[in-house]
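The sequence and structure are shown first.

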Amino acid sequence: MPIADPIISLRGVTKVYGEGPTAFQALKGIDLDIAQGDFVAVMGPSGSGKSTTMNILGCLDVPSAGTFLFKNHHVETLDRDQRALLRRRYLGFVFQGFNLLSRTTALENVELPLIYRGEDKKTRYDMGMAALDKVGLKDWWDHTPAELSGGQQQRVAIARAIVTHPDVLLADEPTGNLDSERSVEIMELLTDLNKNSGITVLMVTHEPDMAAFARTIVHFKDGLVERVEQKVTA
Amino acid sequence: MLGTTITLAFRAINRHKLRSFLTTLGIIIGVAAVVTMVTLGNGATAAVREQISSLGANVLQLRPGQGFGRGGGGPRPPDFKERDLTAIENQLTGVRAVAPVVQSSGTAIYEGNNWSTTVYGTTSAYSEVQQWKIADGRLFLSEEEEAGRPVCIIGNTVRTNLFQGTEPIGKRMRIKGVSCQVVGVLATRGQGGFGDQDDVVVMPIKFVQRRFTGDRDISQIMVAVDDAYDTSTVQASLEELMRERRKIKPAAEDNFNVFDTKQISDTLTGTTTILTQIVGAVAAISLLVGGIGIMNIMLVSVTERTREIGIRLAIGAVAREVLLQFLVEAIVLSCLGGLIGLFLALIATAAIAPLMQVPFLFDIKVNIIAFVFSAAIGVVFGYFPARRAAALNPIDALRHE
C-alpha cells in the first residue's frame with residue numbers, strides 16, 4: 001500500500017553481483033516505501049536479499065537498476081563521496097558485532113562521527129556525553145570495549161549511531177550476539193529512540209521476538225519483498 | 001580537517017604503542033646514523049683543517065729543485081742566498097713576513113738524557129710566518145741573531161724528553177756536540193699532517209750555518225702572504241722574481257718550486273669531506289630501509305584494521321579522510337622517529353667526538369635536512385598503504401574478520 005511522503009522509497013530496485021553466466025541476481029525488483037518515524041523490522045532467510053537491501057538503504061551500496069529516493073532525492077546517482085556525506089549527515093549504523101574501536105574509550109568511540117563532522121572538542125564532549133546518557137552509560141564514558149559487557153558495548157554502538165541525531169538508524173541484527181535479557185533491553189532502547197527522538201529505525205533480525213517490537217515487518221524471499229506486515233496499534 | 005586527522009592519527013598511534021615504537025625504530029636508527037656520521041665527519045674535517053692551519057695559513061714554501069725529492073740527472077740546483085731573502089722582502093708585494101730555514105738533524109743531550117730531533121736554523125720572523133707562539137722564555141734577540149749566538153728555543157716534546165720536568169729556561173744543553181743555552185719553549189702545536197711539530201730545536205740561522213752546515217746557503221724560504229692579497233698572485237710574482245734572479249731562460253723549467261700550504265689544506269679537507277659524504281650516504285641507505293619498514297608495518301596495519309576502516313567509512317568518512325589519516329599516521333611516526341633520531345645523534349656525537357679527538361660541531365642544517373628527509377619518507381612510504389586503506393569497500397571491510 002502506498003505511503004504518503006515516505007522518507008525512503010525504492011522502485012524496481014535490482015542488484016546483480018558478477019557478470020555473464022556466473023552473475024547472481026540478489027534483488028529482482030524491489031518496491032518499498034518507508035514512512036518517516038516508522039520502526040521497521042526486515043526478516044527473511046539467508047540469501048533472500050535483505051542484507052543487500054539494507055546495504056543499499058544504508059547508502060553503502062548502489063542498486064544495479066531502479067531508483068532509490070531518500071527524502072525525495074535520488075541516491076542511485078550519487079558517487080562514493082556524496083554517499084559518505086549523506087551517511088554522515090542522515091544515517092546511523094548499529095552492527096551485530098558492535099564494531100567499536102578497541103583500546104578506545106566509550107566516549108572516544110561515540111565522538112568518532114562528530115570528528116568527521118568537524119565538530120570542536122567541547123561540542124564533541126557535550127554531544128558524546130548526551131548520547132551516552134541516553135543509552136544509560138554516562139558513568140562508563142572512560143571504559144574501553146574490553147571493559148564493557150556485550151550489552152553495554154551495543155549501547156555504546158547505539159550512542160555512536162545517534163550522536164549525530166540521524167534521521168534513520170540502520171541496525172543489522174543488533175541483538176544477534178546478545179542473550180535474550182540484554183536483547184530486550186536493546187530493543188526497548190531502540191523503541192524509545194524511535195518514539196521519543198523521532199528516529200526512523202530499520203532493523204534486520206532473524207528473531208520474531210525482536211521483530212515484534214517493530215510497527216512494520218518486511219518479509220523478504222528470493223530477492224523480492226514477499227509481504228509487508230503492518231502491526232495494528234491501539 | 002587536518003587538525004582532526006592529526007588527532008585521529010595520534011589516537012591510533014597511542015593505541016598501539018609498542019608497534020608504533022618498533023615501526024619508528026628504523027627511522028630512529030637511520031636518522032641517528034646519518035646525523036652522527038655527518039656531524040663527526042664535519043668535526044674530522046674541521047680537525048684536519050685546524051691541524052693544517054697550524055702549519056701556517058697562506059704560507060708559500062720556496063725550495064730549490066723540482067717538486068719533492070726529485071734528484072734528476074743534472075747538477076743539483078743551487079740553494080738560496082741571503083740576498084734572495086732580501087730581494088723577496090724588498091721587491092715582492094703582499095708579503096707579511098719572510099723567514100729563511102736551514103734544517104739539520106742531530107742528538108740533543110742534557111744531563112745524560114739523549115733525544116734525537118730536528119734543528120731549524122731560522123730568524124725570529126719564523127715565529128711570525130708559522131704563527132708559533134712562545135710558551136715560556138723569549139724569542140731570539142736581534143743581537144743573538146746577528147752574531148749567531150748559541151741559543152735555542154725548544155719544542156715541547158724535546159722539553160719533556162730531555163728535561164723531564166725540570167725548568168729548561170737558562171739551562172745549557174748540547175746539540176750535535178755544541179753547547180747552547182735554552183732561552184724559550186714553544187707552545188704545544190700537536191700532531192700535524194707532518195708528524196710531531198713539537199719535536200724541534202730552533203736556533204739562529206747563522207749559528208746553524210756556521211757550526212752545522214758549513215756554508216751560508218739557505219735551503220728553504222718561507223713566505224707568509226698578507227691576508228689582503230691573493231696567495232696565487234703572490235706565488236706567481238714570487239716565481240717570476242726567482243726565475244729572474246736565478247737567470248732561468250724563458251723556455252727552461254724552474255729549478256726551484258713554490259709550494260702553497262693552502263693546497264695541502266684543500267686536498268686534505270677535500271678528502272675528509274668526500275669520506276663524510278660516503279659514510280653519510282651509507283647511513284642514508286639505512287634511513288631508506290627504515291622507510292620500507294614503515295611501509296611494511298602500515299600495510300599490515302591496514303589489513304589488521306580493515307574492520308576499523310569499514311566502521312569509519314560506514315559512519316561517513318570519505319575516502320580522502322581515511323587516506324589522510326593513514327598518511328598522517330605514517331608521517332607522524334616518521335617525524336617522531338626523526339626527532340628521537342636527532343636526539344640520539346646529539347648524545348652519540350657528544351659522546352664519540354672526544355674519543356675520536358674531533359671537535360663536536362652541531363650543524364643545524366644537517367639536522368634539519370635529516371628531519372625533513374625522514375618526514376618525506378613518511379609521505380612516500382605511507383602513501384601506498386594509505387591509498388589501499390581508502391580504496392576499501394565499506395561493506396567488505398565491515399565483514400572482514
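Strands and helices here are DSSP runs (strands: E, at least two residues; helices: H or I, at least four residues), numbered from the N terminus. The model is predicted: local features need pLDDT of at least 70 and side-chain atom pairs count only at pLDDT 80 or more, while totals for chains, interfaces and linings use all residues. Residues are numbered from 1 along each chain as its sequence is written, and chains are lettered from A in the order in which they are written.

Two strands pair if DSSP finds at least two bridges between them.

| Partner of β3(A) | Residues | Sense | Bridges |
|---|---|---|---|
| β8(A) | 200–204 | parallel | four |
| β9(A) | 216–221 | parallel | four |

On the β8(A) side, A:Ala41 is bridged to A:Met203.

Is β3(A), residues 39–43, mostly covered or mostly open? Five of its five residues are buried (20 or more other C-beta atoms within 10 Å of a residue's own, with C-beta atoms placed from the backbone). One face holds A:Phe39, A:Ala41 and A:Met43, and the other holds A:Val40 and A:Val42.

Chain A and chain B also touch, with 21 residues from chain A and 19 residues from chain B in the contact (C-beta atoms, placed from the backbone, within 7 Å). On the chain B side, α1 (2–15), α10 (306–314), α11 (319–356) and α13 (394–399) each supply at least two residues. The largest share, five residues, comes from α10(B). By type, the chain B side has twelve nonpolar, two polar and five charged residues. Nonpolar means Ala, Val, Leu, Ile, Met, Phe, Trp, Tyr, Cys and Pro, charged means Asp, Glu, Lys and Arg, and the others, Gly among them, count as polar.

Definitions and conventions
Contact = placed C-beta atoms within 7 Å. Buried ≥ 20, exposed ≤ 12 C-beta atoms within 10 Å, placed from the backbone.
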